[in-house]
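This report goes through a few local features of one protein model. The sequence and structure come first, followed by short notes under headings.

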Amino acid sequence: MAEVLPVRLYGDPVLRKKARPVQDFSGLDELAENMVETMFEYGGVGLAAPQVGLATRLFVAAEYALEEEEAEADEEERPKSVLKNLYVMVNPRITYREGTQVGTEGCLSIPGIYSDDVPRDLQIRVEYQDVTGQPHTLEAEGFLARVIQHELDHLEGVLFFDRLPPELRRSFLDEHRDELAEMQRQAKAFLRELKAEQG
Ligand code: NI
């Protein structure tokens, strides 16, 4: 049975670390299964290893068979029954980018806060390994390309609002100051508890 893992909140230092490449693939399938379970449980479209406390270059992403516009407008209530593809990407690298798009993003580590102005590349090619180490290439565009770029950023310690133009980033942080401060408090409390449990 896959396990739902606690999702780390904004303020947890692991979210700002550059993740290490995966060299040892043993046990990765179990981690990936748990991350997929966690992503579904929290209703997300992607989840990166740092979000469950591991500074490791791995993320999972779900692709849903909905019209892109509908998917973006209805992010919160995407039905799981129309799941089209599930990706587990280990050591991912973007090797081609073209075009630009601006759209809405949120993050399971920054719950309840969104920005409509996040710029991303429109089309990408991503090279990655699966949980057994086999190499793959995927070409993606639109919403899936956005999700992959968001998750890949997590492996660099970058959060979606960091991608906003400087003025919008400042107003985003200003507008959400109290909520973000509360998340930071919760993140610290979680880490204290974790440390106590581990003795
Ligand atoms: Ni995120």
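## Nickel site

Cys107 (SG), His150 (NE2) and His154 (NE2) coordinate the nickel ion at 2.1 to 2.3 Å. Donors here are N, O and S atoms within 2.8 Å of the metal (3.2 Å for Na, K and Ca), and because water is not among the atoms, sites may look incomplete. Along the sequence, the donor residues follow the spacing C-x42-H-x3-H. Cys107 lies in the loop between β3 (83-105) and β4 (115-129), and His150 lies in helix α3 (residues 142-154), so this pair, 43 residues apart, links distant parts of the chain. Helices (H or I, at least four residues) and strands (E, at least two) are DSSP runs, numbered from the N terminus.

Cys107 is buried at a relative accessible area of 9%, and His150 is buried at 7%. Buried means under 20% relative accessible area, exposed over 50%, and partly exposed in between (1.4 Å probe, protein chains only).

## Basis of the model

This is a predicted model, in which local features need pLDDT of at least 70 and side-chain atom pairs count only at pLDDT 80 or more, while totals for chains, interfaces and linings use all residues. Residues are numbered from 1 along each chain as its sequence is written, and side-chain values use heavy atoms, with hydrogens and water left out.

## Strands and turn

Strand β3 contains Asn91, which has a positive phi of about 50 degrees without being a glycine. Most residues other than glycine have a negative phi. Asn91 is buried, with 17% relative accessible area.

β4 and strand β5 (residues 135-141) pair in the antiparallel sense over 7 bridges; pairing requires at least two DSSP bridges between two strands. Gln123 stands opposite Glu141 in β5. The two strands β4 and β5 form a hairpin with 5 residues between them, and Gly133 in the turn has a positive phi of about 100 degrees.
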